[in-house]
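Thanks for coming. I will go through one model today, starting with helix packing and ending with the backbone.

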Amino acid sequence: MKIKSFFCLFLFGIFSASAYSQNVKLLNISQLNERIKNGKDSTYVVNFWATWCAPCIKELPHFEKLGAEHKSEKLAVLLVSLDFKSKLSSSVVPFVKRKNLKNEVFLLNESSPQEFIDRIDPSWSGSIPATLFIKDDNRKFVENEFTYEQLLTEYKKL
């Protein structure tokens with residue numbers, strides 16, 4: 001009986017982890033652009049971050065708060081991790097679960113950093129955190145860490 005119970009718990013753990021990992025999807029820049037172009041939301045705040053970036057981790061709660069407080073305004077906050085693809089299961093998914101992130105979380109699946117950096121914004125040096133604000137044809141790229149007040153100000157300027 002003990003072995004059967006252990007096996008059931010083991011299977012539950014595997015299926016729970018795999019179901020949760022579906023909340024962090026791989027996507028490339030073309031898919032990100034499609035998500036924004038075909039999305040139902042009118043405003044997008046796309047934050048580029050990584051699990052190893054202290055300023056990124058510090059500001060993530062601000063993006064969570066923005067998404068929660070303004071979801072009735074057709075705002076989509078997309079959190080795009082720049083961790084290595086190989087870190088999806090070992091670092092990114094556990095981090096997202098531990099931090100209880102509610103916004104959409106993606107892991108960027110691109111092989112050439114300079115190519116995807118230029119496609120996001122040609123002025124981007126590649127440092128993170130970095131955030132792209134999009135509303136209709138208006139795009140603003142900001143390469144720095146935000147306080148909540150600064151993030152809210154940028155969002156309201158759109």
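Before the first angle, a word on how it is taken: a helix axis is a line fitted to C-alpha atoms over the stretch in contact, and the angle between two axes runs from 0 to 180 degrees between N-to-C directions. Please keep in mind that this is a predicted model.

On the α2 side the contact uses I29, S30, L32 and N33, and on the α5 side F116, R119 and I120. Sorted by class, that contact of α2 with α5 holds 4 nonpolar, 2 polar and 1 charged residues.

The second pair is α3, residues 54-69, and α6, residues 148-157. Here the axes come within 9 Å and cross at roughly 45 degrees, which makes α3 oblique to α6. This crossing, too, is right-handed. From α3, the residues in contact are H62, F63, K65, L66 and E69, and they meet Y148, L151, L152 and Y155 of α6. By class, the contact of α3 with α6 divides into 6 nonpolar, 1 polar and 2 charged residues.

How much space lies in the largest pocket? The figure is about 330 Å³. The lining consists of 15 residues, and L82, D83, F84, P113 and F116 are the closest to the centre of the pocket. Which element gives the largest share of the lining? That is α5, with 3 residues. In terms of class, the lining has 9 nonpolar, 3 polar and 3 charged residues.

Last, two points on the backbone, both in loops. The peptide bond that joins I128 and P129 is cis, with omega at about 5 degrees. P129 sits in the loop between α5 and β5, the latter being residues 130-135. The other point is N100, which has a positive phi, near 55 degrees, although the residue is not a glycine. N100 belongs to the loop that runs between α4, residues 88-99, and β4, residues 104-108.

Note on methods
Residues numbered from 1 in each chain as written. Predicted model: local features only at pLDDT ≥ 70, side-chain atom pairs only at ≥ 80, totals over all residues. Heavy atoms only, no water. Contact = heavy atoms within 4.5 Å. Helix = DSSP H or I, 4+ residues; strand = E, 2+ residues; numbered from the N terminus. Nonpolar A, V, L, I, M, F, W, Y, C, P; charged D, E, K, R; others polar. 1 Å grid on protein atoms, 1.4 Å probe; cavity = no way out; pocket = protein on both sides within 12 Å on 5 of 7 lines; lining within 4 Å. Points joined across faces, edges and corners; volume = space filled by probe spheres on them. Parallel < 35°, antiparallel > 145°, perpendicular 65-115°, else oblique. Left-handed = near helix turned anticlockwise from the far one by under 90°.
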